[in-house]
Amino acid sequence: MPRIGGIEYELSRKAVKNINMRIKQDGRVLVSAGPFVPLSRIEAFVASKSAYIKRVLRSYEQKREALDDAKMAGILPDRDYGAPSVRRKALALMEEICESVYPHFAEMGVRFPVIRMRNMKTQWGSCRPAEGILTFNTKLLDVPRPLAEYVAVHEFAHFLHPNHQAAFWTSVEQVLPDYRKRRSDLKQYTLL
């Protein structure tokens with residue numbers, strides 16, 4: 001495996017125009033480049049990104065350690081979040097929460113969305129306004145309810161504002177005046 005500047009990476013040659021890089025949560029650095037790109041150019045690219053790569057790898061390692069600590073402390077159960085029974089429980093919880101916060105958004109013309117659950121590794125929820133779909137992470141089943149409520153309100157607010165600008169946060173705050181604390185508390189939970 002090639003190594004440059006203390007960074008070990010996997011190189012694959014593909015029909016791509018640019019040099020591409022992915023940093024996986026398991027610590028692998030994947031680089032792809034066209035078949036005719038000189039190795040020296042690839043090495044220079046990786047070397048130029050070494051500080052960024054090391055920062056991301058450190059972040060992933062800290063998340064893994066935090067998850068291990070959380071599991072040992074009993075914060076997140078060691079369960080299969082993709083299992084149908086877990087997804088059903090999580091769906092029931094999030095449907096109930098969504099029904100409880102929905103009246104605030106109904107007043108603003110938002111139609112009740114389709115609620116879906118997925119075991120996501122990088123986010124707590126997502127909103128697809130054009131399709132009328134909210135997707136939530138099954139791990140919300142195991143965080144305190146006020147934090148799951150925050151995620152629901154956050155995603156509902158995206159029906160009104162697609163970005164995170166001031167108007168978005170104003171909408172969230174109208175429903176949850178303490179959203180800043182809830183958002184802060186949610187950050188203690190690690191998604192992996």
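Start with the largest nonpolar core, which has 35 residues. (A nonpolar core is a set of buried Ala, Val, Leu, Ile, Met, Phe, Trp, Tyr and Cys residues joined through side-chain atoms within 4.5 Å; buried means under 20% relative accessible area, exposed over 50%, partly exposed in between, with a 1.4 Å probe and protein chains only.) Select Met 94, Trp 124, Phe 136, Leu 140, Tyr 150, Phe 156 and Val 172, the residues with the most contacts inside this core. Now colour the elements that give two or more residues to it: α3 (84–106), β6 (114–118), β8 (133–137), α4 (145–157), α5 (166–175) and α6 (179–186). Helices (H or I, at least four residues) and strands (E, at least two) are DSSP runs, numbered from the N terminus.

A word on what you're looking at: this is a predicted model, where local features need pLDDT of at least 70, side-chain atom pairs count only at pLDDT 80 or more, and totals for chains, interfaces and linings use all residues. Residues are numbered from 1 along each chain as its sequence is written, and side-chain values use heavy atoms, with hydrogens and water left out.

Next, zoom in on Tyr 150. Leaving aside neighbours within four places in sequence, Tyr 150 is in contact (heavy atoms within 4.5 Å) with Trp 169, Val 172, Leu 176, Tyr 179, Arg 182, Arg 183 and Leu 186.

Now show α4 and α5 together. They pack at an angle of about 135°, with their axes 9 Å apart. (Axes are lines fitted to C-alpha atoms, for helices over the stretch in contact, and angles run from 0 to 180 degrees between N-to-C directions.) That makes α4 oblique to α5; angles under 35 degrees count as roughly parallel, over 145 as roughly antiparallel, 65 to 115 as roughly perpendicular and the rest as oblique. To see where they meet, pick Tyr 150, Val 153, His 154 and Ala 157 in α4, then Phe 168, Trp 169, Ser 171, Val 172 and Val 175 in α5.

Select Trp 169, Val 172 and Glu 173 of α5 with Tyr 179, Arg 180 and Arg 183 of α6 to bring up the contact.

Last stop: Leu 30, in strand β5 (residues 29–33). Is Leu 30 buried or partly exposed? At 23% relative accessibility, Leu 30 counts as partly exposed. Not counting residues up to four places away in sequence, Leu 30 touches Glu 10, Asn 20, Met 21, Arg 22 and Lys 24.
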